[in-house]
Amino acid sequence: MQDWYPLWLSLRVATTATLIAASLGVGFAYLLAKGRFRGRGLLEAVVTLPIVLPPTVLGYYLLTTLGVNSPIGRAWEDLTGSPLVFTIPAAVIAASVSALPFVVRTARAALEEVDPRLEAVARIAGHPEWRVAASVTLPAARRGITAGIALGFARALGDFGATVMVAGNIPGRTQTLPIAVFDAVQAGDQATARTGSLLLAGVAVVALLVVTQTASRRA
Amino acid sequence: MTALTVDATITAGTFTVTAAFEAGTGVTALFGPSGSGKSVTLAAIAGLLRPTTGVIRIGDQTVADPREGVHVRTQDRRIGMVFQHAALLPHRSPLDNVALAAPGPSRSARRARATEWLERVGASHLATSPTRTLSGGEQQRIALARSLVADPSVLLLDEPFSALDGPTRIQLRDLVAALVADQGLTAVLVTHDLADITDLADRVVRYTPGRTHDTIDAGPGGLDLHRLERGLEE
């Protein structure tokens, strides 16, 4: 593989997307695990949707939401002077949305497993709810949260369908590694396809190792 | 002064208990078979559950009175609580577990207070041990220090000895007795172990399933065990 740009871009996009998905995802997970409010079921369905939707369909909806005729797309263009779609930020959004449900579901399960007596003790000690969350609930669930973030990173790095829909396939600009692999296969460039696939598979294996390691340490 | 007054009906899921008793200085034991509602009563005193009717008062403050819309948050009730299992934060040292509950203007002040309490429960040597490696008895000592470090008005003990082996149980019981006497504490102890009663209790609130039956005070010669075991089957 001569051109390393797709790998570099993929790592940048996936890292930024993981940061976004982690902050939003842990927040949503906390709400779903601890909150009792109307619309909880709907919120859960919406944040899970990216897992079950075909990536191209997810991409289509993102394209409609972020496109030049949408309120978000127009606001972005007013602010920056250029459209949002077919840019690196659009790729980041696609990867964040794809990664979000993995963070939410894994973190939520871990948060629900936290012994309610630990939280009760903190309340009895006089801590306000935000401190109960910060000093008890989140640290006690940190392994599950880490596992969710690792899965989310792997998913963000590997996204193809949603990314290609909203960010396109512009070599040297928005072509991430999974898209470059697709292009290489189409062009009969076996060497590039092999190297790109190997790199992506390697990262996925490392992410899964992180997940299984943290899970087994909990047991 | 009566430190604690409970006259309330509390519902937890499909289970309902009606409890009426008063507790002053010393140990008040809530005694009765499993599932009679003792722990549910304790949770309501702590504010972890809300009564459906009635009143709970700590000192001269009403902390729960649903008819008047009163529900003081757990955080504001000034209670200490020890569960059957110590419920220590596994990712914090024993000292930090106690310090997290300690009052004080700074981290060092809170740690100093926590250190003092670890000493009082005979656990100074465990201050920085990995929390996961502590034995059940050691963990309960830490939990006891944590429950008392903020100088609570009422100490709630929910079967704190029942998961411990025989000798450890006796040591912990002696420790609680000494602390209650030294500090002039008001403690409420949930138990179904008669030995807890004979060793610790100044008065006993007897429970039948779903309600309190009566209160027996210890006379000058201690508790009348015959009376305690009588009259609950009828």
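From the N terminus on, the elements of chain A follow the order α-α-α-α-α-α-α-α-α-α-α, where helices (H or I, at least four residues) and strands (E, at least two) are DSSP runs numbered from the N terminus. The structure is a predicted model, in which local features need pLDDT of at least 70 and side-chain atom pairs count only at pLDDT 80 or more, while totals for chains, interfaces and linings use all residues. Residues are numbered from 1 along each chain as its sequence is written, and chains are lettered from A and ligands numbered from 1 in the order in which they are written.

Chain A has 11 helices and zero strands, and its C-alpha trace spans about 65 × 40 × 25 Å along the principal axes. Of the 219 residues in chain A, 42% are buried; a residue is called buried if 20 or more other C-beta atoms lie within 10 Å of its own, exposed if 12 or fewer, and partly exposed in between, with C-beta atoms placed from the backbone. Among the contacts in chain A with a separation of 6 or more, 75% are accounted for by residues 24 or more positions apart, two residues being in contact if their C-beta atoms, placed from the backbone, lie within 7 Å.

Within chain A, helix α2 (residues 40-52) packs against helix α5 (residues 88-113) at an angle of about 115°, with the axes 8 Å apart. Here axes are lines fitted to C-alpha atoms, for helices over the stretch in contact, and angles run from 0 to 180 degrees between N-to-C directions. The crossing of α2(A) and α5(A) is left-handed, a term applied if the near helix is turned anticlockwise from the far one by less than a right angle, whereas a crossing is right-handed if the turn is clockwise. On the side of α2(A) the contact is made by V47(A), T48(A), P50(A) and I51(A), and on the side of α5(A) by V97(A), S98(A), L100(A), P101(A) and V104(A). By class, this contact has seven nonpolar, two polar and no charged residues, where Ala, Val, Leu, Ile, Met, Phe, Trp, Tyr, Cys and Pro count as nonpolar, Asp, Glu, Lys and Arg as charged, and the others, Gly among them, as polar.

Helix α5(A) also holds A99(A), which counts as buried because it has 30 C-beta neighbours inside 10 Å. Leaving aside neighbours within four places in sequence, A99(A) is in contact with A17(A), T18(A), A21(A), G152(A), R155(A) and A156(A). The C-alpha atoms of A99(A) and G148(A) are 9.2 Å apart, although 49 residues separate the two in sequence. By contrast, Y61(A), found in helix α3 (residues 55-66) of chain A, counts as partly exposed because it has 17 C-beta neighbours inside 10 Å. Between the C-alpha atoms of Y61(A) and V166(A), which lie 105 residues apart along the chain, the separation is 9.2 Å.

Chain B has seven helices and 11 strands, and its C-alpha trace spans about 50 × 40 × 35 Å along the principal axes. Of its 234 residues, 43% count as buried, and residues 24 or more positions apart account for 66% of the contacts in chain B with a separation of 6 or more.

In chain B, strand β4 (residues 51-58) and strand β5 (residues 61-65) pair in the antiparallel sense over three bridges, pairing being assigned if DSSP finds at least two bridges between two strands.

The contact between the chains takes 15 residues from chain A and 14 residues from chain B. On the side of chain A that touches chain B, α6 (116-124) and α7 (129-140) each supply at least two residues, and α6(A) gives the most, with six residues. By class, that side of chain A has nine nonpolar, three polar and three charged residues.
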